[in-house]
Structure formats: C-alpha cells, structure tokens
Amino acid sequence: MSLAEKFLTMEYGPAPEDPKDALLWLDSHQRRLGHFIGGEWREPVEGAFFDTTDPATEEKIAAVAQGSAGDVDAAVNAARQALPTWQALSPHTRARYLYAMARAVQKHSRRLAVLETIDNGKPIRESRDIDIPLVARHFYHHAGWARLLESEFPGYTACGVVGQIIPWNFPLLMLAWKIAPALATGNTVVLKPAEFTPLTALAFADVCQAIGLPPGVVNIVTGDGSTGEALVKHAGVDKIAFTGSTEVGRAIRSATAQSHKKLSLELGGKSPFIIFEDADLDSAVEGLVDGIWFNQGQVCCAGSRLLMQESIAEALVEKIRDRMNTLRVGSPLDKAIDIGAIVAPVQLERIRKLVEQGIAEGATCWQPQLSMPARGLYFPPTLLSNVHPSSVVAQQEIFGPVLAAMTFRTPAEAVELANNTVYGLAACVWSESINVALQVAAQIKAGVVWVNCANLFDASCGFGGYRESGYGREGGREGLLEYLEPAWFKSAPLLRSADRNAVNSDEQQHADLAIDRTVKLYIGGKQARPDSGYSIEVRGTQGELLGEAPLGNRKDIRNAVEAARKAAGWGKATAHTRAQVLYYMAENLSLRREEIASRLAEVLGAAQATSEVAIGIERIFFCAAWADKFDGAVHNPPFRTIAIAMKEPVGTVGIICPNEAPLLGLLSLVLPVLAMGNTAIVVPSETYPLIIGDLYQVFDTSDLPGGAVNLVTGYSKQLLKTLAEHDDVDGIWCFADETSAAAAKAFSVGNLKQVFTNEGRAIDWFDAQQGEGRWFLEHATQVKNIWVPYGE
Ligand code: NAI
C-alpha cells in the first residue's frame, strides 16, 4: 500500500510494546512466585501453586502460590511483629519510605505496566498512562500524609494489622489505594491480590525489598477466595479493607460481625451516565468511551447506564454508533488499541449471559462490525437500547463493555432513574448548564459525580460508595480515617453486662401498683400508642415503680422509619436553620432542667441526673455549633478540574441508645445525627425509657419538623433487629453491649447500611473527648466528590 493510500484509509499498523523487561523479571523468579512474608519470599506451607494466564493468549505466564490458612497466619504474625517498630518510626521516616515507593514505581513504570497488561488484558495505553502514574501519585500524596499525620489527626491512632483484599480490574492501583493510606497512618499490612492478577502485587513486593522497607510492614499472600476468607477470619487482624463484588462484601460483613474488626467496603456499581439535550454531545460521546469502554468496562464506577434526554436520543445514538465503529479491539500490548481482553473465561461467560438475558427481556443489541482477534478472551463493545429500567441489564453490574441505554424527559425524571438502583458509586452528568448539572449532581445518591467529564481519579479526592456500593472512602482525608481510630476508643474497656435493667427482672413485675407517669411513642411529630397495646414497667433505684413506657414493636419501628423518610426535608434545610433549631432545643431543655433532673434522679441518683442534664445542654450547643461548620473541601487535583467534596447526611439513621446514661447518651448520639441533616429513629435506653416524655416536649417546642426524630421505646435488642434489617434505614448506630454491636453488624448486611458501634466498649459520656467531637460527626456524614472541569 502506498503512503498516499495509507493516508486515505488511516489504518493503524501494529505497534506492539516490548515485554522483554517484564518477562526477564518473571524469569528472575523462575516464573514461580511464593508469598512475600516478613520481608522475604516464602514457599506456601501446603506447597500448592496455581497458574496465572494472559487473557489475550490464554497462555500461562507464571505459577503463583495458593495461600492457605497457615500462610495467612504467618503473614499476620509478621505484620504484628513489625507493628511496634513501624509505629516507633518518626512521621518523617515513614514518609520517606512511602516516597521511596513512589520513586521506585516510577523507575520501573514500564515493567509494571507491561506486567499489568499481560496479567489482566487491559490495553498497555491504559496501564502505562493511567494506572501506573496514578499508583505513583498515590504514594507521593500519602508520603505527605505520613508526615502530617500527628498534626492533622491529633488523638487518632492506627488500627494495627490490616488485611486488604483487592480485585483484578486495577490490580496495582487498588494495591496503592490500600497500602499507601494504611502505611501512612502507621498500620502494617497483609494484602491478598485477586487470583486472576497477582503479578504486579508480587513485583511491588520486590519494590518493598529494594527500598529496604522493614520486614513485615507489607506482606503479600496470593490465592483465591479461600485465602481471602482466611484473612478476613484471622483473629490477629484489626481491620479489613475490601474492594470487589457486593456479594463478597456482604459475606465479609457477616464474617466480621462477631469481631471488633473495622471494615471498609468498596463494592459494585451501576453508574448512570446522564446526557442532557444542551450537552456538548461530541465531548459527551468521548466521555462515554471512557465511561464504559475503559478497561473493557470492567470498572466498578463504569458509566454503564446511559440516560439520554429524549429530544436528543436518536441523534446521540447515531453518534455513539459512529464512534463505536472506530474503536479498535485487539492485543492489549498493542499501543494503538482501545479495547483489550476480558480478564478470564468466567467473566467473559458472565458478560455473554447477561447480554443474552437483556435481549430476552426486550433490549435491542447493537455491536459494530470490528475485526476481532482470532484467539484470546474478547467481547465487542456493545450497545443495548430500549432497555427497561427494571431489566437485568439496567440493574445488575455486567462488568464488561456493555452499555444499557434509556431515555428521560425532565431533570427530575433523570434523577429518579439515576437513583433507581441499589448501588451508589458514581455518576456522570453532561449539560452545558452548570446550574442544571450541579442541581442534578446534588440529588444523585453516589460517592462521586463527574460533571462534563468521566472517570477522573486522584489521591487527594475520596472515592467510595453510597448504599450497596459499600462504605468508607479511599483517597483524601476521609480515606485516612478508615485506617485510624480515636486512641481512647481503642483502649476503652468493654462494658460490664448491664448492671441495671429496669424492665426484665421477675420479682419486680408485680411489686407496685401506683403508676406515676405514662408516656407514648413519638412518631412523625406526634405521640402514638404502641401497636402491641402493651407497656413495660420502669423502676427506680429501690425497685419502686416509676411509670410505664410503651412496648414498641416491629410495626412501630416501620411507622417510625416511614415518618423519618418523609422528613428528609430536614437534610435539605440550610445548616443555619438546623443550628437554630438545635440551639432552641438546648434552650427548652434548659427551661425544664430541674424537673427533668429530679425525675432522672429517681433512677440514677441526684448527682448523675444533674450532670446528665447540664452536660446534655452543653452537648446540644456543641452540635448546634458544628451544624453550620462541618464543611467539605475543594480539592485541586492535577487536572484542569476542581473536585468539590460535599459532606452529605447518611440519610435515615437508627439509633440504639446506651443504658448507662439515658439522657446524655441519647443526646450525644441523636444530636450529631440531626446536626448533619439526618433523620433518626431512636430507641431510648431500657434503664429509663420514660425520658422520651420530656424529650418530645422539648422537640415539640423547638421547631423540629415532625419525623426528624422518632422515639420508640421497648426491648432494644428486638427493635435493633427490625431497624438493622429495614431497607429504608441507611445507617445504624448501636451503643450498647457487645452482643448488640455484633447483631447490628450482622443484621445490616441486607442493604449494607453503615454501622457505627461502641463495639460494646464503655464510653464516658460525661467526658468531652469521648462523648462529643468529629468522630461522631464523621459517622453522621458521607463525602460526595463532584468533579467540575474548568477552562476551554
Ligand atoms: P470477587 O468479589 O469474588 O473478588 C474480589 C476479591 O475478593 C478477590 O481477591 C477474591 O479472591 C476475594 N474473595 C472472593 N471471595 C472471598 C471471600 N469469601 N472472602 C474474602 N475474599 C474473597 O469478584 P470476582 O468473582 O472476581 O468478580 C465477580 C463480579 O464482581 C464481577 O463480575 C463484577 O461484577 C464484580 N466485581 C466488582 C469489582 C469492583 O471493583 N467493584 C471488582 C471485581 C469484581
């Protein structure tokens, strides 16, 4: 073909990357890699290995160790041993190790990129230009955090030994997202890469050795799900950080419920990609290419649901098809291809099945006529249109290069469709009207919203989900908090088993006849009789009958949840308004302080009663003060973009109050929840549930909208179950005994609600360091990053 002819067709020639250096590295390990434990390579205890293959050729690349419980145990012990030395280092020294990791990643960037591409099947263009540079950036950024830790997070301490389990779609990048913040905060690590893609994690082990990282600070154990499970269950692990499927995330939540392990989950998504009629359609189509065909669509935040405004749908689909016709599918090592290979046969099969199911449910399937490689695991870019919002391809994560398209008419309908998912990881909004775009961004339930851009990531900006996309963030300040705990909390003693329980003791049941005080439930701003028609007796210090509290049941909780959801307007009220209502509450509690304290004294004694009321008033002031100050941030990632980190309320929160401080404990939990714009269903202490009678009078006279707080008395363990299992509850705060903390975690797996507990430990509610502060506010909010580009 002549040059002139070539120019006319503009055909690409092959541009293969040379894999020599990566292959030499593999050869230097005889293509057989053990675990990296305690700073050295170790043979697996049980001697088992498995092959990792190149999805582009389906040929074996190397054998890697299959980790057993014994290997995991050795790695956890090594991490435990390394912990004191690692923590004793100065922040500056830890920072230098992270800096050395960043430099080493840069020095070996090509080797790492090639290894990633042959192990995973992703185009070299992506591993070379996106994954590996982001890995280096993550270590640089966190080297800085290691240095600033003490001044920026006073009073916090590392969790300890952290178990980290990562998926196959961004193997080294996910390793960086996990290891960098963990080390920067003074933890030591056992990391298990995914079984399909272990190689770059093992190459990173070489980096750790080369920079002289103290042995045991980073340990890498390879293997499949069973190895992950052994890590999750190991008693010597203090925190688990997981990225992967929602199904496994749920299993990990259940498996850790009985333990005190801290948990962060970054799970699946079905992210909407919304294009309004006034969008720059050509740019939006380019964004879409990134959104759904980047990494063959095997991206947790892939823009896999295209929502098009009806007026432009036809023209847009035309443009998308034209662009799809130009995509090049081929050998991932070819520098000029767009779409590489699918990671493994099982994943390819899963994509095929879901597409078939989508077609069976009525979707129209369109694929460009591209030349596909003769061998290897490939799936063509696919557009499914006429997709019904409830169809499987609109609801389930496909994790492949498959776009499901739907239309909408109005911005409100776009938001409704966007939120019509159990997930909440990311979203894209394309409109030239910044007002419309930001208004929509604010209403979407997702941890990241990209306005007129797609798939941007940076170490300074938190990434993570709402709802069943998991909890916790990676990146930014909020990412570091996942690896820290208040120092006092870690060493707080376990609560002694409830030393007083006013409702359950047999000999008290018929002791007294005189009844002083009867209260009702408080639901939707109104007093309500319990569905059960029963009451529970409340007794004083001498066993005397003080009054009766309603015995709330499942139905009452459901009514309360409904009322709380209806009151979501509270979250949209301005922070100033919320602060004012809270101050007013303090004022009204103050007016009744003596009367309330004298009633409380009957059950707690005068000293505790007086101070619960006095400190309670202070605590309300504290939360009112924060209501309009617990702001987000504006990040400045290294692109022509700002990322606005908004602190949003978690939503509807169920609260189980502590027994030991019936008023102060309740206020310490309910007030931060309210201050941050959440609504609450509160189960008061069993010690003195009658407190609600005083509280609803305070709420009623403080302009608190009905439903913002709902009070349901009863047996807290029973009510906890209903609350934790309720799909319309977004968060559970459980501050009771150890069994209740475990139950809150176990029962919350259904919709993966955010769980915050005292782990059954004693909290001194009278102490400001323990009873109030950022710790509570942080749990009452979740960060949404809205990315907005600027410039021409
Ligand atoms: P997976 O969730 O099974 O695997 C992720 C990691 O968890 C791997 O390292 C695996 O070995 C480990 N693992 C598996 N079972 C475990 C257990 N019981 N305890 C502890 N660790 C365990 O994901 P898989 O099977 O590779 O992919 C299936 C689907 O999950 C994909 O089609 C996709 O829809 C979704 N997925 C989502 C990801 C995300 O980033 N959100 C990443 C990978 C997969």
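User: A salt bridge here is a side-chain nitrogen of Lys or Arg within 4 Å of a carboxyl oxygen of Asp or Glu. In this predicted model, with which residue does D238 form a salt bridge?

Analyst: Side chains of opposite charge can pair when their charged atoms come close. For D238 and its partner R80, the closest N and O atoms are 2.9 Å apart, which is within the 4 Å that the rule asks for. The residue that forms the salt bridge with D238 is R80.

User: How many residues apart in sequence are the parts that D238 and R80 tie together?

Analyst: D238 belongs to the loop between α9 (225–233) and β10 (239–243), while R80 belongs to helix α3 (residues 69–88). D238 is partly exposed at a relative accessible area of 24%, and R80 is partly exposed as well, at 35%. Because the two residues sit in these separate elements, their pair ties together parts whose separation in sequence is 158 residues.

User: Where does R32, the salt-bridge partner of E43, lie?

Analyst: E43 and R32 form a salt bridge whose closest N and O atoms are 3.1 Å apart. E43 is in the loop between β3 (40–42) and β4 (49–54), so the pair ties together parts that are 11 residues apart in sequence. R32, which counts as partly exposed at 41% relative accessibility, lies in strand β1 (residues 32–33).

User: Are R42 and E40, whose side chains meet in a salt bridge, buried or partly exposed?

Analyst: The N to O distance in the salt bridge between R42 and E40 is 3.2 Å. R42 has 30% relative accessibility and E40 has a relative accessible area of 41%, whereas a buried residue would have to be under 20%. Both values therefore fall in the range between 20% and 50%, and R42 and E40 count as partly exposed.

User: How many of the residues of α24 are buried?

Analyst: Helix α24 (residues 664–675) should span 16 Å at 1.5 Å a residue, which agrees with the 16 Å between its end C-alpha atoms. Its buried residues include L664, G665, S668, P672 and A675. α24 is mostly covered, and the number of its residues that are buried is 12 of 12.

User: What is the relative accessible area of C301?

Analyst: C301 lies in the loop between α11 (281–293) and β13 (305–309). Leaving aside neighbours within four places in sequence, C301 is in contact with S271, L425, A426, W450, N455, F457 and F463. C301 counts as buried because it is under the 20% limit, with a relative accessible area of 2%.

Notes:
Residues are numbered from 1 along each chain as its sequence is written. This is a predicted model: local features need pLDDT of at least 70, side-chain atom pairs count only at pLDDT 80 or more; totals for chains, interfaces and linings use all residues. Side-chain values use heavy atoms; hydrogens and water are left out. Helices (H or I, at least four residues) and strands (E, at least two) are DSSP runs, numbered from the N terminus. Buried means under 20% relative accessible area, exposed over 50%, partly exposed in between (1.4 Å probe, protein chains only). Contact means heavy atoms within 4.5 Å. The expected span of a helix is 1.5 Å times one less than its number of residues.
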